[in-house]
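Please look over the sequence and the model shown here before reading on, and keep both in view while the text leads you through them.

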Amino acid sequence: MTTSSLNSPKSLPETTSWLIERVAYYVQLPPGDVAADVPLANYGLDSVYAFSLSADIEEEFGVPADPTLLWDFETVTALAEYLVNGGGQE
């Protein structure tokens, strides 16, 4: 990840793909085994990985990302839609 992508607008497919890659990395699965519509908890994404992923989100999208986002937006699709729509920032 680079800071050059910080705050750059991303499409829903780009964001979804990025999130799938990150989730796959943390749960040690091939990205093709992570479905966008399956609850993240089903992959064993625990609080330790949630902290790491939230830090990745903050770095990549330039928005505050509390680790609880992974429980508030339970799937990659829901989280991607949230991020594409500004991640709660006005």
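Just after H4, Gly 86 adopts a positive phi of about 105 degrees. The model is a predicted one, in which local features need pLDDT of at least 70 and side-chain atom pairs count only at pLDDT 80 or more, while totals for chains, interfaces and linings use all residues. Residues are numbered from 1 along each chain as its sequence is written, and side-chain values use heavy atoms, with hydrogens and water left out.

Helix H4 itself spans residues 76–84, and its buried residues are Val 76, Leu 79, Ala 80 and Leu 83; helices here are DSSP runs of H or I with at least four residues, strands are runs of E with at least two, and both are numbered from the N terminus, while buried means under 20% relative accessible area with a 1.4 Å probe, counting protein chains only. Viewed down the axis of H4, these buried residues fall within an arc of 100 degrees, so they line one face of the helix, the arc being that of the directions from the helix axis to the C-beta atoms. An α-helix has 3.6 residues a turn, so residues three or four places apart point the same way. The cover over the buried residues of H4 includes helix H1 (12–27), helix H2 (47–61) and helix H3 (69–72), where contact means heavy atoms within 4.5 Å.

Leaving aside residues up to four places away in sequence, Leu 70 touches Leu 40, Leu 45, Ala 50, Leu 53 and Leu 79.

What remains is the packing of H1 and H2, whose axes come within 11 Å and cross at roughly 145 degrees; axes are lines fitted to C-alpha atoms, for helices over the stretch in contact, and angles run from 0 to 180 degrees between N-to-C directions. Residues making the contact include Trp 18, Leu 19 and Tyr 26 of H1 and Leu 53, Ile 57 and Phe 61 of H2.

Note on methods. Buried < 20%, exposed > 50% of the residue type's maximum accessible area, 1.4 Å probe, protein only.
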